[in-house]
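Work through the exercises below with the sequence and the model side by side. Try each task before you read its solution.

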Amino acid sequence: MSASIVSTAGLTKSYGEATALAPLDIDVASGQRITLIGHNGSGKTTFIRMLAGMLEPSNGTATIGGHALGSIEARSALSYLADEPVFYDDLSVWEHLEFIARLHGTDAWEQHAIDLLDAVGIVDRADDLPMTFSRGLKQKAAIAMAFVRPFEIMVVDEPFVGLDRTGRAALLDLFRSAHADGAALIVATHELSSVADSERVIALSGGELTFDGAAADADVHALTEGLPPVEN
Amino acid sequence: MTAPQQRAALRDLRRTRQRRRLGDTEWFDVAYRVYLFALGGLIGIVLASDAIGGVIGDDVTRNDLVTRGPSAAGLVIVIACGLGLRSGADGGPVSIEVADVSHLLLAPVERRDVLLRPVVQRLRSAMFSIALPVGVLGQFVAREVEGSRVAWAAAGAAFGALTGATFVASAMLGHTLRLPRWTATTIGAALLGWQAVAVSATWTDSAGSVRVGPANLAGSIALWGIRQRGVDVVAVVVVGAAVVLALVLAGRLRIEPLVRRGRLVSQLRFAATVQDLRTVVLLRRQLRAETLRSTPWFSGWFTSGPSAAGSRLRSIGGSSTPMFVFRRGLRSLRRLPLARVIRITTLAVVAGVCASLAVTASLLLLVGLLAALFLLGMESIEPLSQEVDRPDVTDSVPIQRGHLFTYHLAAPAVLLAFAGLIGAAAATAVEPSHAAAAYAICIPIAWAGALGPAVGAVLDAATPIAVADTTLLGTPRDAEVSFVPPEFAGFSNAFATFMPVAISALGVLPLLAIRADPTAATAIRAALGIVLVIALALVWIRRRDAWGVKIRAFFAAGREQKAAATS
């Protein structure tokens, strides 16, 4: 078993009396590919956003590569592909890629950026402002931005929303490539077809862990239909 | 520590964006606006300084100023400190773009390197935006007491800048030290209480009471136009130290509130740009993370949902539309968050104190009264605002919208009546001899204050095609194109912004009459006048669409006659 890239202990998120995520203890090994499934409101996005550092835990701790959430080392190790792409309204796709790569200490980024834009099919839109793009094109630009920087783990929230068939195929290829390079992946999705590529499935319901085990053992349809949880 | 190459990337990113922003700026337009603002401001100040008398009250001596001024002005500093602590506990005072949060704060760059600049910008804007009006106020004061205009204006500006710095530093410390809301409120209330005791002691010359408040030295800076004390610099040093500490701790700003505020602030800036005051107020509530209570303050009469069948209010109100809408408003009110209840109460107290002091002391306090009344109105007309902002829902019900809008004012009127009574109690506490006049006029004044926001909201409502499918000149509304020159467009924008404030100013007019003759009889006569105006406004809101249809028909008939004559 590889060392843990993500480790949580009693990680909890509450809003007043409402619990968005009940205490969660999980370990993710380096290079592991995980699909996170659950209904709307199950706590997937909360969990992903806490790992990314966008939400503060109400209780418990989590580490990324042994470093506390939000630390420079954790930010350096983790790439976050959000469900809603965020851009500067006055920078082109190419400028976004340049600054993100440089902010993460990457010097030789140009060819990698071109390859990424080519992979998602927007190389001819590199000089356009992503704020003017359609939802699908924005998602493609966001995918390129998430992959242009080095990372040890990528956390992804609903990455297939708005993507056409080509975009989905390109994204799955990028996931496979990153996985082959040794990166861990945690993908929260309702797209159950992506479970096939995963080694592990984590299911949440009502903020609680209902399944955590090998993808082969997971009855994903039952888990997402709200049927009783499958024992690991 | 941020690596040099990442620091360079951050610097290049900012330079690129700044260059682009500056490149997009219409410099001639900016220069023209600055020129208009400066010219208008200068003329306004000169005219106002000649017209306004009694800024600091009649018969105020130098000795009064020196003994009472520091503690009274210190109240402003203490309020700024308390508001700052609350703002910090709620995630303020800094807001950055969501893209900066996503791309810079999640990058392996020291957060202080990213956040220091927005913090300094916030500090600068707070200091300037308060220093400017207080400096202007200072030169008004100079007309009535010894000391040069320049000295008083400079003292006012310095005091304003200190107030702004106190607010931002307190907010930053409250945020970065993660003060819980209740702690921030407790500290703010304690400081305010202490300063209030000092003000009371110096005002009443009571022996044995605490005359030194926590902000007396800072308050004394406001009087530098008349006397300068070296010891006052201690206040500047303390605030300066707090500012330095805030800048040192800038990297500890929490990312979660920055995300929330980042999403709202771009909308808030847009709303402020188009002078949409209602949206500004709504978004500011969201910035403070104010949400309606999930558990109502009280149930029983006002119970909603399936359990409401047979509830007492329902049986009293029956099923008539006005009562139904009234109940909906009351249900909204019973879920008001505590912060908003406190704000409404505070505004009512401020209105009462300002009204009382405007009668006995400075007329300038009418400005405070007007501001409090207007804000009270903005806080209370929520049900009407909700209706106006959902025209599709309004159009889907078989009720004339003018009638619906007036029904929505019933619940706010109840709330404002309570606020008015609180204001009257505050006015009575300041000057017991004003009790009869205060209670006679408090409720109409509170209603009049809300009239401006209510009229503004009604004017914001889009005119349905069913009411009017053309402009007055007969152009189809969907083809309407504005050819209004910028100067007139700016004027109409300013008119739309200030017209509601001007209407709310009706609420302060009775104070002028009471100042001349502070009796209950005068108050009652003034109250009747206000009620008459409010009634007329309600008739306008109810009949506006019908009148619009008639006016359009009149214009259309004219066009037809003209066409027939020319053919």
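**Exercise 1.** Locate B:Pro93 in chain B, then find the form of the peptide bond from B:Gly92 to B:Pro93.

Solution. Start with the helices (DSSP runs of H or I, at least four residues, numbered from the N terminus; strands are runs of E, at least two). B:Pro93 lies in the loop between α3 (62–89) and α4 (98–105) of chain B. Now check omega: it is near 0°, and the bond from B:Gly92 to B:Pro93 is cis. Most peptide bonds are trans.

The model is predicted: local features need pLDDT of at least 70, side-chain atom pairs count only at pLDDT 80 or more, and totals for chains, interfaces and linings use all residues. Residues are numbered from 1 along each chain as its sequence is written, with chains lettered from A and ligands numbered from 1 in the order in which they are written.

**Exercise 2.** Is A:Glu158 buried, exposed or partly exposed?

Solution. First, find the residue: A:Glu158 sits in the loop between β8 (153–157) and α6 (165–180) of chain A. Next, apply the cut-offs (buried: 20 or more other C-beta atoms within 10 Å of its own; exposed: 12 or fewer; partly exposed: in between; C-beta atoms are placed from the backbone). A:Glu158 has 19 C-beta neighbours inside 10 Å, so A:Glu158 is partly exposed. Last, read phi: A:Glu158 is not a glycine, yet its phi is positive, about 45°.
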